[in-house]
Amino acid sequence: MGKGYYVGLDMGTGSVGWAVTDESYQILRRHGKAMWGVRLFESAKTAEERRMFRTGRRRLDRRGWRIEILQEIFAEEISRVDPGFFLRMKESKYYPEDKRDIQGNCPELPYTLFVDKTFTDKDFHKKYPTIYHLRKMLMETEDTPDMRLVYLALHHMMKHRGHFLLSGDISQVTEFKNTFNQFIENIRNEEMDFEIELDESAVQMIEETLKDKNLTRSAKKSKLVKGLNAKNVRDKAFLTLLSGGTVKLSDLFGMEELNEGERPKISFADNGYEEYAAVVEMELGELYYIVESAKAVYDWAILSDILGGSTSISDAKVRAYEKHKADLKYLKAVVKEYFPKEVYNAVFVESSDKLNNYPAYIGMTKKNGKKVSLEGKRCSREEFMDFLKKNIVVKLPDEEAKMYLQSELEKDSFLPKQVNKDNGVIPYQVHKYELKKILDNLGDKIPFLKENAEKIEKLFSFRIPYYVGPLRTGNGENSKFAWAERKSTEKIYPWNFENVIDVEQSAENFIRRMTNKCTYLIGEDVLPKDSLLYSKFMVLNELNNLRLDGQKISVELKQ
């Protein structure tokens with residue numbers, strides 16, 4: 001160019017803008033074109049999505065590992081009764097023509113579990129409509145059940161163990177006072193001015209209100225606010241949150257800037273709460289543990305609702321099944337009596353992407369008299385309840401039936417499903433209680449179970465410690481995400497874990513792989529940002545700027 005010029009760059013995460021000017025900031029031209037423009041490119045992504053998939057694979061791998069060990073334990077006993085049982089289970093996902101029996105031939109019967117002459121899949125599902133009916137029977141039976149039935153119940157427990165967020169046995173987990181007191185302690189630790197006086201009677205009133213199935217969320221909130229004489233915004237907000245209502249984060253924490261965040265309001269009852277919880281955690285930072293402890297209280301109320309006063313989840317689920325069956329019978333009778341056939345079909349028969357009806361709710365419909373899985377869109381519970389309100393309840397001429405349905409829909413107790421989002425609040429202790437009941441009940445009848453009871457319980461409760469991480473076949477660097485050290489190459493079981501894995505060395509590797517090296521002092525380890533020593537340094541650094549009457553404060557005052 002011959003003359004002086006400036007190059008300006010505007011660099012973003014997905015683009016670079018550029019311009020070339022002379023010393024008077026006039027855009028220069030070259031070959032007849034102004035020398036400015038922009039280059040767009042795909043923004044960099046975090047490893048979050050990849051990490052989520054990897055976490056999901058590990059979870060499924062570990063579930064498969066538990067099932068594999070359970071099959072090893074039961075292999076000999078099952079083969080005596082039915083040599084092809086495990087093979088049929090493994091191939092249950094295939095079309096009938098793709099299945100093979102133990103001789104390698106295509107089986108004549110289309111059944112996936114039981115092919116006895118006197119007992120087939122039809123008999124099994126008729127006798128045990130849900131897996132919880134089977135689990136309940138095994139806890140209570142005085143007869144000696146088929147070994148395959150025992151395996152199926154334990155198989156289900158190993159797959160669906162519940163969460164491990166709570167410590168203690170089942171009596172502690174189902175105790176309201178422990179969970180609630182922890183929540184109150186966390187609030188007071190943060191000096192959040194929770195003004196409600198909480199004596200024994202107040203805590204008992206809160207417990208009874210939260211687990212009262214006859215109250216709606218708004219009714220629970222109103223009863224708590226009045227009963228505890230809550231006056232300030234924060235107290236009311238926390239009571240609303242515990243009741244499942246929607247609250248502003250700014251009301252909970254007294255920070256107006258939270259109104260400008262991506263998620264200014266939260267509700268534990270939201271279907272999508274788990275999806276946006278990470279956003280709330282990011283916005284609140286260290287204060288998020290207050291929300292977590294409030295969620296634990298809310299989850300206790302949901303768990304209490306699921307159990308309905310019983311410590312057995314199977315007993316509660318069987319009652320939910322019978323409730324659904326009775327509700328469906330009642331709803332069909334009402335619709336048949338007061339509405340034309342087209343409306344009945346629209347509610348119970350038709351399958352369409354536009355209809356949030358019963359088939360869309362349960363994911364099944366009938367074709368030619370046979371139940372088939374719904375291929376089209378399914379709807380949520382909320383969408384189906386709205387459909388019933390608009391198309392049935394509002395138009396019902398019978399006032400008694402209308403009031404009953406309105407009450408059931410408000411309490412959210414109509415047509416309960418076995419599998420729903422609330423199952424996520426069930427802790428493993430509830431399932432372990434049933435496992436022990438089954439093993440204790442059948443131990444004297446089936447000696448094999450008594451011999452292996454300890455192994456089965458260990459298999460159910462075992463979790464690989466987070467500092468050991470994913471297990472690998474040897475000590476070689478065969479995975480960038482594995483750091484566990486082995487003492488031997490033998491197969492890992494819950495009962496030999498510490499003999500095969502060097503837990504202490506694995507824990508040290510876990511810390512070492514997260515430690516960075518300093519860019520100034522070459523070869524020296526970097527202090528973690530949230531370590532006590534570095535945190536102290538950061539605080540002292542801030543205090544260095546503090547002035548009293550224009551003078552720096554003394555070292556003694558700083559300390």
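The model is predicted, so local features need pLDDT of at least 70 and side-chain atom pairs count only at pLDDT 80 or more, while totals for chains, interfaces and linings use all residues. Residues are numbered from 1 along each chain as its sequence is written, and side-chain values use heavy atoms, with hydrogens and water left out.

**Salt bridges**

- The structure holds 27 salt bridges, each defined as a side-chain nitrogen of Lys or Arg within 4 Å of a carboxyl oxygen of Asp or Glu.
- Lys136 and Asp315 pair through their side chains at 3.8 Å, N to O.
- Lys136 sits in helix α4 (residues 131–140) and Asp315 in helix α14 (residues 313–338), so this pair ties together parts that are 179 residues apart in sequence; helices (H or I, at least four residues) and strands (E, at least two) are DSSP runs, numbered from the N terminus.
- Asp315 also meets Arg319 in a salt bridge of 3.8 Å, N to O, and these two residues both lie in helix α14, 4 residues apart, about one turn of the helix.
- Asp315 is partly exposed at 23% relative accessible area, and Arg319 is partly exposed at 38%; here buried means under 20%, exposed over 50%, and partly exposed in between (1.4 Å probe, protein chains only).
- The side chains of Lys436 and Glu457 form a salt bridge at 3.4 Å, N to O.
- Lys436 belongs to helix α19 (residues 428–443) and Glu457 to helix α20 (residues 447–461), so the pair ties together parts 21 residues apart in sequence.
- Lys436 is partly exposed at 35%, whereas Glu457 is buried at 19%.
- A network of salt bridges links Asp82, Arg88, Asp116, Asp146 and Arg148.

**Surface patches**

- Tyr5, Val7, Leu9 and Met11 make up a nonpolar surface patch with about 450 Å² of accessible area together; such areas come from the Shrake-Rupley method with a 1.4 Å probe, and for residues only the protein chains shown count as cover.
- Patch members have over 30% relative accessible area and no salt bridge, with nonpolar side chains (Val, Leu, Ile, Met, Phe, Trp, Tyr) joined within 5 Å and like charges within 9 Å.
- Val7, in strand β1 (residues 5–11), is exposed at 52%.

**A buried polar contact**

- Ser250 is in helix α11 (residues 249–253) and counts as buried at 5% relative accessibility.
- The side chains of Ser250 and Asn259 are joined by a polar contact of 2.8 Å, meaning a pair of N or O atoms within 3.5 Å; within protein, one must be able to donate a hydrogen and the other to accept it, and residues adjacent in sequence count only if both atoms are side-chain atoms.
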